[in-house]
Amino acid sequence: MKSTGKPLYDALKGVAQATPPIWFMRQAGRYLPEYRQLRAKAGSFMQLCLDPEKAATVTLQPIDRFGMDGAILFSDILIVPYGLGTDVSFREGEGPVLPKLRPGDGLPVFDPAAFAERTAPIMETVRLVAGRMPGSTTLIGFAGAPWTVATYMVEGGSSRDFSATKRWAYGHPGEFQTLIDRIVEATIAYLRAQLDAGAEALQLFDSWAGVLPPEAFRRWSIEPAARIVEALRQSHPGVPLIGFPRGAGASIVDYAEATGVDAVSLDTAVPLAWARHWMPGVCLQGNLDPQWLVVGDDGMAAEVERIRDAMTGAPFVFNLGHGIVPETPPEHVGRAVAVLRGEGV
Ligand SMILES: Cc1c2[nH]c(c1CCC(=O)O)Cc1[nH]c(c(CCC(=O)O)c1C)Cc1[nH]c(c(CCC(=O)O)c1C)Cc1[nH]c(c(C)c1CCC(=O)O)C2
């Protein structure tokens, strides 16, 4: 493949780069003073997500500061339930709050026109960022995977054990399938719209895939992701797709094969040599522990080099095993980038 001049894009398409491209999950957010400053003026977090000018500015903050190879759209996975008509809000220190959906309740219906209208500001953000990015940067769009999005809709927010969602999925699988199907349809429309607006690659975040036993993982994580991948391949052939089935353990190999993604993002527990051996056909992404960025010392530098060196010669994107935490000093992020690129200590 001819180089596109975008190292992240090329790596995702399977071409190993001499220096791995880098971006970090949650690279825009509360650890950055420039984010906190803009966030204070935006009202609620949802208002910030739905304000294209501010969301575009926030998307570009980590590009301006660190020269990341990827810009991830500033938004949230809960925009899909919002687009389906669900009330979504974020409480300070508590996280997301949604009405709790239960078996027997009317399920949200995917109305394409209403969904497109409610999510239109996100597409405007994508267009603004696409027009303002450096040419070597790749713009990454994203959505939550249907299982992870469903857990927020059923639990009414974050959860420790996902008991209500699991009991529904195991006890009433037909009805739970309908809920998943509706989220799949909405997600396909949502991701297609991001691509039409200028996103160059996509990531599907299945943050809670790891709570599912293997058979349930196949049905509720792999199958919906495979349907989304197939639909996007039909409408937008060639667009690099990244899957992140966090905590999937050994099942990540089945996920990579059965969904047909171009790249998989590895959580902190996945051994890199094992991933290279069992998933030779995909680009790998990961998997520095985000807590190393809080520590930021020579131990962090050594860990960055260990991960980089373990992946030499393979298509690889340097990232974290999960999102940056708010306590992270921004200088430590800068140091990790410099160490990776061999520019600093
Ligand atoms: C599960 C999930 C969510 N959102 C997301 C996931 C999947 C990744 C993961 O597992 O972390 C994905 C997400 N959320 C956010 C982005 C923006 C882009 C980026 O990565 O920089 C992305 C890609 C912004 C955000 N999403 C959220 C914030 C903080 C809100 C604030 O500024 O007050 C940001 C910057 C809020 C959010 N959003 C969500 C929760 C549980 C919370 C509350 C916890 C927290 O605050 O970290 C749901």
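**Labels and their grounds**

Reply: To begin with Arg26, and leaving aside neighbours within four places in sequence, this residue is in contact with Gly323 and Ile324, where contact requires C-beta atoms, placed from the backbone, within 7 Å of each other. The model is predicted, so local features need pLDDT of at least 70 and side-chain atom pairs count only at pLDDT 80 or more, whereas totals for chains, interfaces and linings use all residues. Residues are numbered from 1 along each chain as its sequence is written.

Me: Why is Arg26 called partly exposed?
Reply: A residue is buried if 20 or more other C-beta atoms lie within 10 Å of its own, exposed if 12 or fewer, and partly exposed in between. Arg26 has 17 C-beta neighbours inside 10 Å and therefore counts as partly exposed. Arg26 lies in the loop between α1 (7-12) and α2, helices being DSSP runs of H or I with at least four residues and strands runs of E with at least two, numbered from the N terminus.

Me: Which residues does UniProt list for "binding site"?
Reply: The unreviewed UniProt entry lists Arg26, Gln27, Ala28, Gly29, Arg30, Asp76, Tyr152, Ser207 and His322, and such annotations may be inferred rather than shown by experiment.

Me: What makes Asp76 partly exposed?
Reply: Asp76 has 19 other C-beta atoms within 10 Å and is therefore partly exposed; its place is in the loop between β1 (70-72) and α5 (79-83).

Me: Why does Ser44 count as partly exposed?
Reply: Ser44 counts as partly exposed because it has 13 C-beta neighbours inside 10 Å. Its place is in the loop between α2 (33-42) and α3 (45-49), and, leaving aside neighbours within four places in sequence, Ser44 is in contact with Ser89 and Phe90.

Me: What describes the packing of two helices?
Reply: Two packed helices are described by the angle between their axes and the distance between the axes. The axes of α6 (residues 112-132) and α9 (residues 173-197) come within 9 Å and cross at roughly 35°, the axes being lines fitted to C-alpha atoms over the stretch in contact and the angles running from 0 to 180 degrees between N-to-C directions. The contact involves, among others, Phe115 and Met123 of α6 and Ala189 and Tyr190 of α9.

Me: How do the residues of the contact of α6 with α9 divide by class, and what defines nonpolar?
Reply: They divide into 10 nonpolar, two polar and one charged, where Ala, Val, Leu, Ile, Met, Phe, Trp, Tyr, Cys and Pro count as nonpolar, Asp, Glu, Lys and Arg as charged, and the others, Gly among them, as polar.

Me: At what angle do α7 (residues 146-155) and α9 cross, and which residues meet?
Reply: Their axes come within 9 Å and cross at roughly 120°. Pro146, Val149 and Ala150 in α7 meet Leu179, Ile180, Ile183, Val184 and Thr187 in α9, and by class this contact has seven nonpolar, one polar and no charged residues.

Conventions
Two residues are in contact if their C-beta atoms, placed from the backbone, lie within 7 Å.
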